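Trainee: I am new to this structure and should like to learn how to read it. May we go through it feature by feature?

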Amino acid sequence: MSRMPIMDVTLEGINPATPKALLLACVTLLFSVHLWRWLGQRSIRSPPGPFPWPIIGNAAQIGNSPHLYFTRMAKKYGNVFQIKLGSRTVVVLNGDSIRQALVKQGPEFAGRPDFTSFQYVSNGDGMAFNTLSAWWKMHRKVAQSTVRMFSTGNLQTKKTFEYHVLCEFRELLKLLVEKTKTHQFFEPLTYFVVSTANIMSAVCFGKRYSYEDEEFRQVVGRNQQFTQTVGAGSIVDVMPWLQYFPNPIKTIFDNFKKLNLEFGIFIRDKVIEHKKTIQSSTIRDMTDAFIVALDQLSEKTGIILVKDYVTPTVGDVFGASQDTLSTALQWIVLIFIKYPEMQIRLQQEVDKVVDRNRLPSIEDQMQLPYVMAFIYEVMRFTSFIPLTIPHSTTTDTSIMGLHHPKEHGRLHQPVVRQP
Ligand code: HEM
């Protein structure tokens with residue numbers, strides 16, 4: 001009778017001194033330790049989840065669309081489940097548990113994991129990718145009130161903001177009409193990116209750019225590369241050793257560092273220009289307002305700001321707004337194409353309220369309930385940001401009855417539903 005081979009080593013043929021036997025012993029030991037720790041963790045009512053492989057955890061299963069993998073796992077394990085990415089334990093939240101964590105247990109879930117990639121966004125000094133601290137709270141508060149001063153603060157600020165939106169929108173409309181006349185089809189995303197970036201550029205720097213401006217298109221046109229790296233499960237963040245030798249993941253990460261550096265230089269140059277010419281009696285734009293607000297914060301608190309925090313603050317607001325809004329616009333166009341009857345109904349509502357010789361304004365909003373419902377529904381239906389920037393826990397806590405120790409990375413994903 002033939003002997004059963006196990007990993008190319010016959011049972012009788014194992015000689016403890018051979019490299020094969022040694023390798024087999026190491027692998028068995030590694031699996032046993034791993035299995036023992038995994039079972040140990042499960043016994044304290046930590047969230048359920050798929051079995052993680054040693055070293056890589058569940059990284060290989062995630063693929064290019066983490067949100068789809070998470071949707072499958074949520075169906076199997078429930079709204080709160082746990083995976084491992086490299087050596088990191090990550091808890092994924094879905095559905096109601098997101099509100100529970102972000103709103104009801106906000107401070108416990110307000111941290112950010114110390115991911116390598118985060119150090120390259122706004123030079124590691126911004127708000128969006130930094131963890132909870134006394135400085136972070138003050139910084140964020142100042143930023144929030146400054147943004148409000150230039151947008152929804154009062155009727156006057158709303159009108160000024162609307163002016164920037166309408167000016168830019170006229171340019172975008174002109175361009176789209178022209179492209180539709182001269183091309184059978186075209187890809188509108190670049191125009192949406194430039195137009196939303198232009199609105200924020202007008203608000204932040206008092207300047208807009210031409211749609212053909214190659215430098216501006218370069219700086220603002222790499223949102224997808226950015227989100228691919230900072231989105232959930234960036235490989236370098238969970239297996240940092242990958243950045244120390246040549247491999248495709250290192251190449252992607254090097255590109256990510258480069259695009260952040262170039263974006264940072266673009267913003268920094270604007271801030272330097274502003275600092276040279278600012279007169280505190282006349283606030284020209286949001287950059288001036290941030291310069292003054294951060295100076296005042298320093299005076300009020302006695303904190304000496306050894307670094308330039310204006311550049312990362314402007315960078316956060318400029319970056320966060322144009323990527324999200326241009327993606328939303330792109331989805332709206334896709335929905336128009338897929339559901340032309342909705343486009344007709346929207347046009348009919350707008351025609352009832354707004355004369356064709358002007359654009360809709362903020363005052364018309366109350367009379368456009370279908371338009372408003374449509375915008376909210378597009379965001380819910382498409383869930384175009386299915387994964388937020390990862391959070392981490394600031395203390396030992398639990399969610400939906402499941403244990404959640406301090407500093408666990410947490411991703412969350414609203415499960416996409418049909419309308
Ligand atoms: C459809 C539009 C938008 C969507 C879907 C969106 C989504 C998000 C998400 C998911 C986060 C991460 C929150 C977290 O991790 O807790 C975030 C953070 C942020 N967003 Fe937006 N955003 C939008 C528009 C904007 C706009 C217009 C601005 C600026 C004017 C902006 C500025 C920021 C900033 C500064 C942060 C980081 C600071 C913080 O954590 O509070 N966003 N956004």
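Trainee: Which residues come nearest to the ligand?

Mentor: Residues are numbered from 1 along each chain as its sequence is written. The model is predicted: local features need pLDDT of at least 70 and side-chain atom pairs count only at pLDDT 80 or more, while totals for chains, interfaces and linings use all residues. A residue is near a molecule or strand if its C-beta atom, placed from the backbone, lies within 6 Å of it. Here, 14 residues are around the ligand, and Ala 128, Ala 320, Ser 321, Thr 324 and Thr 388 come nearest.

Trainee: Which helices supply at least two residues of the shell around the ligand?

Mentor: Helices (H or I, at least four residues) and strands (E, at least two) are DSSP runs, numbered from the N terminus. In this model, α5 (134-149) and α13 (310-338) each supply at least two residues of the shell. The most come from α13, which gives seven.

Trainee: How do the residues of the shell divide into nonpolar, polar and charged?

Mentor: Ala, Val, Leu, Ile, Met, Phe, Trp, Tyr, Cys and Pro count as nonpolar; Asp, Glu, Lys and Arg count as charged; the others, Gly among them, count as polar. The shell around the ligand has nine nonpolar, three polar and two charged residues.

Trainee: Why does the ligand shell lie between domains?

Mentor: Domain bounds come from an automatic or database domain assignment. Both domain 2 (117-330) and domain 3 (339-389) give residues to the shell around the ligand, so it lies between them.

Trainee: How many helices and strands does the protein have, and what part of it is buried?

Mentor: The secondary structure comes to 15 helices and eight strands. A residue is buried if 20 or more other C-beta atoms lie within 10 Å of its own, exposed if 12 or fewer, and partly exposed in between, with C-beta atoms placed from the backbone. Of the 419 residues in the protein, 28% are buried.

Trainee: What does phi tell a reader about Ser 122 and Asn 123?

Mentor: Most residues other than glycine have a negative phi. Ser 122 has a positive value, near 50 degrees, and Asn 123 has a positive phi of about 60 degrees although it is not a glycine. Ser 122 is placed in the loop between α4 (96-104) and α5, and Asn 123 lies in the loop between α4 and α5 as well.

Trainee: Are Ser 122 and Asn 123 buried or partly exposed?

Mentor: Ser 122 is buried, because 24 other C-beta atoms lie within 10 Å. Asn 123 counts as partly exposed, because it has 17 C-beta neighbours inside 10 Å.

Trainee: How is the span of a helix such as α7 (189-205) to be checked?

Mentor: The expected span of a helix is 1.5 Å times one less than its number of residues. The 17 residues of α7 should span 24 Å, and its end C-alpha atoms are 23 Å apart, which agrees. Helix α7 is mostly covered, with 14 of its 17 residues buried. Just after α7, Gly 206 takes a positive phi of about 70 degrees. For α11 (residues 248-277), 30 residues should span 44 Å, and the end C-alpha atoms are 44 Å apart, which agrees. Buried residues in α11 include Phe 253, Phe 256, Phe 263 and Ile 267.

Trainee: Which residues have the most contacts inside the largest nonpolar core?

Mentor: A nonpolar core is a set of buried Ala, Val, Leu, Ile, Met, Phe, Trp, Tyr and Cys residues joined through C-beta atoms within 7 Å. The largest one has 28 residues, and those with the most contacts inside it are Cys 204, Phe 290, Val 310 and Val 314. Two or more residues of this core come from each of α7, α8 (214-220), α11, α12 (286-301) and α13. The largest share, ten residues, is that of α7. Another core, of 25 residues, lies apart from it and has Phe 70, Phe 118, Phe 129 and Phe 256 among its members.

Trainee: Which residues does Val 310 touch?

Mentor: Two residues are in contact if their C-beta atoms, placed from the backbone, lie within 7 Å. Not counting residues up to four places away in sequence, Val 310 touches Val 271, Thr 287, Phe 290, Ile 291 and Leu 294.
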